[in-house]
Amino acid sequence: MNWTSFDTWLVVTAALCAVACALPGCFLVLRKMSMMGDAISHAVLPGIAVAFIISGSRDSLIMFLGAAIVGVLTAVFTQWISRFGHVDRGAAMGIVFTTLFALGLLLIVRAADHVDLDPGCVLYGAIEFTPLDTIEIGPVSFPRAALVLTVVLLLNLAIIALLFKELRLSSFDPSLADTLGYSSQALHYLLMTMVAVTTVAAFEAVGSIIVIAMLIVPPATALLLTHRLIPMILIACVVAVLSALLGHLGALTAPSWFGFEATTSSGMMAFAAGVLFFLAWCFSPSEGQLIVWLRHRKGPRDLIPPPEIS
Amino acid sequence: MNSLIKSMSPKGDAVDENLTAHPDNVPLAVHDLTVAYHRKPVLWDIDLDIPEGKLVGIVGPNGAGKSTLIKACLDLIPRASGEIGIYGKPYQQQRHLVGYVPQRESVDWDFPISALDVVTMGTYRQLGWFRRVKRAQKERAMEAIEQVGIGHLAHRQISQLSGGQQQRVFLARALAQDAKLYLMDEPFAAVDAATEEAIVQLLQTLNEKGKTVLVVHHDLATVKRYFDWLVLLNMRVVETGPTDEVFTTSNLEKTYGGKLNLLSEAARALQAATR
Amino acid sequence: MNSLLSVTLPGYTTMVVVGSTTLLGVAAGIIGSFLLLRKRSLMGDALSHATLPGIGIAFAVMVAAGGSGKHLGGLLLGAAISGLLGVLVMFLIRNTTRLRDDVAMGLVLSVFFGIGVAILGMVQELPNAAGLEAYIYGKPASIVASDFKLIAGMAIFTSLATTLLYKELTLLCFDENFARSQGWPIGWLDLLLLTLVTAITVVGLQAVGLILIIAMLITPPTAARFWTHNLTTMMLLSAVIGGVSGGLGTFISAWAPRMPAGAVIVLVAAAIFLASMIFAPAKGVLARRFRRRRLRLKVDRQHLLRAIYELLEAEQAPSSIINHSIPVTDLLRKRTWSKVEIERIARLARKRGDLEPPSGQELCLSESGFGEAARITRNHRLWEVYLVTHADIAPSHVDRDADMVEHILEADLVRRLEEALRRSNTWVPVPDSPHRL
């Protein structure tokens with residue numbers, strides 16, 4: 001294995017993205033909205049396509065805007081359909097994102113003569129090229145994506161830090177939050193905006209598969225290890241960084257075991273996150289399957305009796 | 001005392017070796033039952049023998065494990081220990097003898113089927129795999145739905161029924177099962193007075209036919225009027241027996257212990273009921 | 001000339017493709033109905049993403065075995081196996097952890113898809129690997145006659161299996177706990193349902209791709225649900241909508257240049273969904289709005305008539321009420337209406353012939369309106385008395401509750417009310433019958 005500064009930058013970029021996703025992801029998971037990340041990351045396609053067709057360039061800012069708007073619209077449409085049509089939330093989400101994705105696909109194919117935009121690139125990104133696109137700041141050159149993702153990460157961090165109390169309350173008890181004057185609706189859309197913006201910032205650099213995976217898997221892993229919110233967020237961030245690192249290492253080493261030369265790091269990073277989840281599932285001190293099984297083998301587990309009736 | 005420490009064994013380990021102790025004529029015999037969710041006990045060391053032909057109320061505060069008891073009897077949740085005998089045998093062999101009325105909120109009432117279709121579900125077990133519903137099943141379902149007094153609504157879609165009518169649909173479904181023992185999870189929850197009266201009458205009809213009925217119940221004020229046998233439950237069985245003997249202030253204090261509002265409410269209800 | 005013919009008379013190849021996607025749409029519509037009612041629509045999404053590693057592995061294995069690797073049956077078998085594996089992992093996560101359905105789905109979706117992307121990245125080096133991404137976006141044009149047989153066979157099989165299991169699946173979707181208490185194997189039924197979904201997903205990969213196949217499973221049944229309250233009708237309708245979307249979508253895409261079939265199919269289905277959601281008479285948004293508005297108008301009119309009648313009653317002996325006009329100001333005092341509202345309601349009542357033609361600031365019941373007002377007032381009081389005597393409801397609450405129900409009292413119910421009140425010997429303060437006047 002030949003590790004270069006190229007690999008370092010790749011992992012750093014991916015880790016930044018992973019943490020930026022894991023932060024809002026914790027709240028998505030707690031709000032039972034995990035699939036929203038998947039939905040939004042597919043649904044932003046028409047936003048990107050329209051922005052691309054209008055501007056005729058891959059100018060990040062316009063695409064950013066277009067995708068973010070469509071991302072938020074996904075949440076809004078889902079809400080409308082499930083409320084006005086009395087449709088199951090999951091089904092509403094499925095209809096909205098597949099329709100938007102189909103629309104995006106159609107636009108891209110229709111415009112294929114004028115513009116060069118590959119839907120595959122949108123979905124999987126081209127993380128292998130990310131470190132090559134650099135910006136010079138003083139003597140050091142940073143990958144542009146790393147800078148963009150740093151900004152998004154800080155933005156997410158700031159929002160969560162500022163609204164921590166409100167987000168926690170509305171995730172656990174939306175109706176109480178409403179009665180206390182913190183509109184859970186507004187917080188919901190704020191969260192969706194964060195997810196959309198993060199998705200868009202990440203898709204070009206690292207591909208949306210990393211976004212979908214990092215929104216869900218690290219928070220889920222953390223939830224197996226702790227019951228409390230702040231430790232959960234911290235563990236999720238650690239898992240996210242580890243997934244990026246291990247995923248890239250895996251991408252460098254694993255293919256040779258099967259006689260292949262290389263593979264995409266983004267896929268491997270999602271896989272690495274899955275492996276970390278599996279480890280937590282087995283070895284979580286409180287509820288890991290292996291731990292519980294061992295305990296059970298060692299001897300019957302005592303239950304604490306309820307108080308006697310006097 | 002040995003029951004103070006329970007072993008956490010998965011569902012399969014609970015062998016019903018003591019079942020010979022349960023005579024065939026006892027509709028429901030619960031022995032040494034403990035149920036835990038995530039290692040927190042919900043029911044502890046429950047011992048119950050319900051005599052045949054009684055109208056039984058299961059009464060206790062919120063979180064006392066009333067619904068859990070019913071679900072455990074139906075094998076819907078794993079138990080940490082204990083056996084349950086339905087007429088002397090495990091539930092799996094006696095399903096045909098048991099009718100079940102779940103809580104109304106446990107299903108989606110927007111489901112695209114008619115009231116009659118729901119009631120017909122009571123006959124599915126007898127029908128078995130792949131066989132279609134025929135006239136005989138429809139007729140039995142219609143009979144059951146007439147019995148709860150909403151025959152004229154049989155072909156309405158279930159979301160177009162009121163809460164009380166929906167509850168009656170569930171009762172009719174249990175009737176269509178044609179069981180000997182009925183387990184009902186809060187049939188009186190959030191129904192209008194007319195439905196409550198209809199349900200009470202239905203319970204009494206079942207009772208007169210010699211059926212045994214267990215009802216999870218909330219309203220202390222009506223306990224004395226509705227039931228002739230009581231189970232006072234608060235994770236443990238506080239007391240069980242004929243209502244006249246069991247429904248006393250001291251027993252209610254034990255059951256609702258510590259919860260002052262409830263206690264005073266219980267005292268008031270008792271006064272009202274004994275007046 | 002030749003090209004014109006090919007447009008009006010689609011060639012054999014196009015027919016095969018259209019036939020395949022139509023059948024696919026029908027089957028997906030049928031099985032999707034149960035998926036929707038089980039509230040597991042997005043599980044189809046997770047499942048379809050989970051097929052990707054299977055495609056990659058099957059391809060690599062077939063190449064290693066010396067084949068070209070592009071054998072459709074083999075690829076689909078691989079896809080089905082890894083899709084089912086995804087389902088099992090979802091169930092495992094759900095049953096062994098505190099994590100909920102949505103997390104289990106998201107986890108399986110992203111991790112399996114990640115593995116799939118990684119595997120595709122590796123096998124990309126193999127010869128003949130180009131075109132595997134077709135399974136992500138779909139490429140119906142590549143369907144040939146032998147594929148059609150496979151797709152048609154699977155579609156017919158799953159549709160038959162679903163109809164055969166109609167009773168069991170209905171029970172599973174409606175009341176899981178009751179089904180389990182009756183001894184039905186819920187876990188196996190769930191697995192069976194998802195196996196059928198997997199079968200459809202897998203054969204649909206080639207046509208619409210793994211991201212959009214979920215639309216064929218969700219959109220038609222959801223659209224059908226707006227039209228009916230009957231499950232059988234809903235399934236039939238869903239099958240039709242699925243078939244039309246599949247067939248029409250493919251046809252449009254074959255006919256117009258640069259229209260990817262998968263996307264067009266989904267957009268056709270979405271258009272049908274949107275139209276259903278807005279216009280369908282059973283549960284559509286407009287129909288519900290319309291019904292609610294009609295009820296409100298009815299309630300308003302009844303309120304107005306009763307208010308006038310009660311004003312007349314207040315100033316005369318109940319046995320000999322004579323109709324005459326009432327000043328609007330009196331009505332304003334009696335109910336919390338604004339002047340504009342009263343005028344609107346009065347216009348409505350006038351159109352129905354309940355009121356005499358306008359006379360400035362006074363309202364006067366017509367002859368038929370007077371009878372109607374008496375009837376409405378009587379029903380209102382019957383209902384009030386019934387509630388007070390039969391329902392243990394505090395009298396202070398009666399008026400509001402009565403207001404909600406009395407407006408929809410049917411003749412039959414009124415008769416039964418009267419009977420109930422007569423049986424209980426309750427005095428009913430109802431106005432005299434209007435017919436004697």
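Q: Helices (H or I, at least four residues) and strands (E, at least two) are DSSP runs, numbered from the N terminus; by that rule, what are the percentages of helix and strand over residues 12–37 of chain C?
A: Residues 12–37 of chain C are 100% helix and 0% strand, with the end C-alpha atoms 38 Å apart. This is a predicted model, in which local features need pLDDT of at least 70 and side-chain atom pairs count only at pLDDT 80 or more, while totals for chains, interfaces and linings use all residues. Residues are numbered from 1 along each chain as its sequence is written, and chains are lettered from A and ligands numbered from 1 in the order in which they are written.

Q: What makes residues 12–37 of chain C a "transmembrane region"?
A: The name comes from UniProt, whose unreviewed entry puts this annotation on several spans of chain C, including 12–37 and 191–219; such annotations may be inferred rather than shown by experiment. Over residues 191–219 the model is likewise 100% helix and 0% strand, and the end C-alpha atoms are 22 Å apart.

Q: Why are H11(A) and H13(A) called roughly parallel?
A: Angles under 35 degrees count as roughly parallel, over 145 as roughly antiparallel, 65 to 115 as roughly perpendicular and the rest as oblique. The axes, which are lines fitted to C-alpha atoms over the stretch in contact, with angles from 0 to 180 degrees between N-to-C directions, cross at roughly 10° and come within 9 Å for H11(A) and H13(A), and the two helices are therefore roughly parallel to each other. Their contact, to which A:Ile210 and A:Met214 of H11(A) and A:Ala273 and A:Phe277 of H13(A) are among the contributors, divides into 16 nonpolar, four polar and no charged residues; here Ala, Val, Leu, Ile, Met, Phe, Trp, Tyr, Cys and Pro count as nonpolar, Asp, Glu, Lys and Arg as charged, and the others, Gly among them, as polar.

Q: What makes H3(C) and H11(C) roughly perpendicular?
A: For H3(C), residues 41–50, and H11(C), the axes come within 9 Å and cross at roughly 75°, and the pair is therefore roughly perpendicular. The residues of this contact divide into nine nonpolar, six polar and one charged.

Q: What makes a group of residues a nonpolar core?
A: A core is a set of buried Ala, Val, Leu, Ile, Met, Phe, Trp, Tyr and Cys residues joined through C-beta atoms within 7 Å. The largest has 293 residues, and A:Leu149 is one of those with the most contacts inside it; helix H11 of chain C (residues 186–225) gives the most to this core, with 23 residues.

Key: A residue is buried if 20 or more other C-beta atoms lie within 10 Å of its own, exposed if 12 or fewer, and partly exposed in between; C-beta atoms are placed from the backbone. Two residues are in contact if their C-beta atoms, placed from the backbone, lie within 7 Å.
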